[in-house]
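Please open the structure in your viewer and keep the selection tool at hand. The stops below are meant to be taken in order.

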Amino acid sequence: MKRLLDPETTTGGASPAGVLIAITLLVFLFLFPRMVSDPYTLHIMILLFLSTIMGQSWNILGGYTGQYSVGHAAYFGTGAYVTMMLMQYRQVPPWYGMWAGMAVVVAVALIIGSICFRLRGPYFVLASIAVAEIIRLSAINLKEITNGAEGILITEIPPFKLGETVITDFLTKVPFYYIGLVLALLTIVITWLVQRSKLGYYFQAIREDQDAAHSLGINLTFYKNIALIISAMLTSLAGSFYAVYVGFIDPPTVLGLDISVEIVLICIIGGIGTIYGPVIGALVLVPLSEALRSNLIASAIFKTGIVSEESGIGNFLKENLAHAHTLIYGILVVVVILFMPDGVLGFFKALTAKKHKEAA
Amino acid sequence: MAILEIKHVSKFFGGLAANSDVSFEMEQGMVMGLIGPNGAGKTTLFNCITGYYPPSKGDVVFDGRSMHGLLPDKVCKLGMVRTWQKVRPLAKMSVVDNVMVGALCRTGSLKKARDMAMEQIKVVGLGQRSGFLAGGLPIGERKKLEVARVLATQPKMLLLDEVMGGLNPAESEEIIHLILTIKNLGITQMVIEHDMKAIMRISDRIVVLNSGEKLAEGTPQEIVGNPNVVAAYLGSE
Ligand SMILES: Nc1ncnc2c1ncn2[C@@H]1O[C@H](COP(=O)(O)OP(=O)(O)OP(=O)(O)O)[C@@H](O)[C@H]1O
Ligand SMILES: [Mg+2]
């Protein structure tokens with residue numbers, strides 16, 4: 001029989017060693033831009049934060065509440081679009097625009113929830129995809145407000161001032177690094193708080209068995225919508241951040257199905273329904289997709305000499321591997337589901353537990 | 001005044017009448033046995049009473065209030081809650097967390113919920129198991145967990161669907177004691193059970209269902225002496 005030792009699902013306090021590690025890590029992350037100024041490294045760190053925010057947001061609805069939305073691009077893209085439209089066409093700075101984005105996303109989420117939560121299991125998944133696609137197509141067709149398929153390019157971000165002092169004018173990656181870090185920490189803290197509250201218990205009860213949860217006094221519609229709203233608001237925040245950081249959005253890059261899939265992947269690969277899962281998922285996926293994009297993997301293959309760069313296969317790899325990230329993600333998911341059903345984190349936990357048993 | 005009135009309840013699945021025109025009443029604090037051959041419509045009646053399905057016809061009045069249109073969560077808040085014939089543990093949560101989910105129906109504080117949960121875990125005799133994952137418990141303990149969880153919702157009335165099903169005699173005996181303990185707490189109970197000896201011991205009154213219809217109602221003595229009941233059981237087995 002399985003004795004529960006995992007402190008994550010019990011409300012016991014953190015261990016002193018854990019607290020020490022967390023503080024060291026935090027100090028390191030806050031000092032990082034002072035030690036490393038290479039823009040590409042900072043860029044990778046920012047992507048890690050962004051992925052963590054996206055994964056953690058999905059985690060609340062998918063991981064804790066068990067509602068596998070594959071339409072989170074709807075919230076990511078809506079947040080991105082509202083922020084960008086307000087900034088570009090109404091001169092509203094993004095730190096106000098993101099709140100407007102969240103407000104619109106809550107409305108969108110309530111509409112989506114009222115449609116999708118009538119359905120369970122695979123039907124819920126399909127409905128979530130369909131609704132997100134409707135929003136993507138709307139963004140393409142509502143040219144007057146979204147600029148359609150051409151997308152929106154930022155010409156200038158207004159400097160962020162407190163009183164008269166300019167805090168930052170967004171000319172380097174450093175301000176984005178800190179914003180990303182703070183947002184990532186914020187989503188982690190929110191998840192932690194949810195997990196240790198009545199909400200967390202109710203969300204997990206719904207995930208484990210809806211009928212049992214219902215019979216024990218849990219209003220399914222209400223609590224599923226709460227989970228969705230929290231999840232959608234944080235995803236919207238990620239979308240706003242992404243849009244301002246990259247400076248350009250169009251329907252496929254922020255509302256596409258592959259964004260929805262990527263959000264789910266971050267969680268599934270790391271381990272759903274745990275706080276560390278999305279962080280680990282981001283640590284796996286971001287470097288992987290960067291390696292694919294910059295053709296690192298193809299050149300590594302050529303270096304080993306298995307395939308010659310000049311051969312037909314070599315040319316094929318060079319041209320296609322960079323675009324094959326969706327395929328590679330798919331393979332990754334199959335591997336994770338087959339061999340690590342509880343994600344990378346769960347897999348290593350199970351391994352150490354086994355070692356402990358053998359040692360005892 | 002009766003705490004529960006079942007008024008001409010019928011439930012149809014397509015052409016099948018899983019319940020047809022069932023009526024009876026229960027007094028506060030009593031244990032009502034609900035028996036009948038497999039497929040008689042016992043579980044369906046529980047589903048109709050606790051809001052899983054709206055009855056096709058008829059009404060259920062609990063504590064003076066019609067349950068018409070209420071969903072299970074609302075029914076639970078009003079003080080009536082059921083267990084599941086096929087147990088439904090929240091598998092990836094610990095035993096105490098499972099029972100806390102029930103307790104959280106009455107409080108927003110995790111600390112209070114934990115205390116309430118530990119109390120009920122002791123009542124059902126799972127004290128040693130509170131930190132174990134619910135999914136890993138053997139069947140006897142899962143059944144007890146079902147009972148602890150519903151007790152934690154502080155109900156006025158419990159509906160127990162075959163809590164002794166699949167248990168060995170020693171475990172069944174524990175459940176019988178548990179039901180009598182719950183009765184002493186003043187909680188009204190309706191109990192579905194196939195074990196006739198057990199049902200005779202715990203029930204104040206018994207309702208017999210057969211093919212969806214109420215075949216008989218009375219004290220345990222009246223039921224064993226009822227030739228229709230004997231025929232229904234012999235006919236079906
Ligand atoms: N959701 C449903 N849809 C269609 N038919 C159903 C449904 N639920 C129950 N039935 C049918 O209704 C009848 C009564 O079923 P029910 O589960 O209430 O019987 P029961 O008395 O609890 O039996 P058992 O002792 O085997 O648990 C059966 O014929 C069953 O097949
Ligand atoms: Mg039954």
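Which protein donors hold the magnesium ion (ligand 2)? Select the ion in this predicted model, and you will find B:Thr43 contributing OG1 and B:Gln85 contributing OE1, the two lying 1.9 to 2.1 Å from the ion.

Next, colour chain B by its domain assignment, with domain 1 covering 1-79 + 157-237 and domain 2 covering 87-154. The contact draws on 15 residues from domain 1 of chain B and 12 residues from domain 2 of chain B. Between them the two domains bury about 1100 Å², of which 74% is on carbon and sulfur atoms, and their centres, taken over C-alpha atoms, are separated by 24 Å.

Now select B:Glu174 and B:Lys144, which form a salt bridge whose closest N and O atoms are 3.0 Å apart. On the side of domain 1 of chain B that touches domain 2 of chain B, α2 (72-77) and α6 (169-184) each supply at least two residues, and α6(B) gives the most, with 5 residues.

Finally, move to chain A and select A:Thr191 in helix α7 (residues 174-195). A:Thr191 is buried, because its relative accessible area is 0%. Leaving aside residues up to four places away in sequence, A:Thr191 touches A:Gln56, A:Ile60, A:Tyr64 and A:Ile275.

Key
Residues numbered from 1 in each chain as written. Chains lettered and ligands numbered in written order. Predicted model: local features only at pLDDT ≥ 70, side-chain atom pairs only at ≥ 80, totals over all residues. Heavy atoms only, no water. Helix = DSSP H or I, 4+ residues; strand = E, 2+ residues; numbered from the N terminus. Buried < 20%, exposed > 50% of the residue type's maximum accessible area, 1.4 Å probe, protein only. Contact = heavy atoms within 4.5 Å. Donors = N, O, S within 2.8 Å, 3.2 Å for Na, K, Ca; no water. Domains from an automatic or database assignment. Buried area = accessible area lost by both parts, 1.4 Å probe. Salt bridge = Lys/Arg side-chain N within 4 Å of Asp/Glu carboxyl O.
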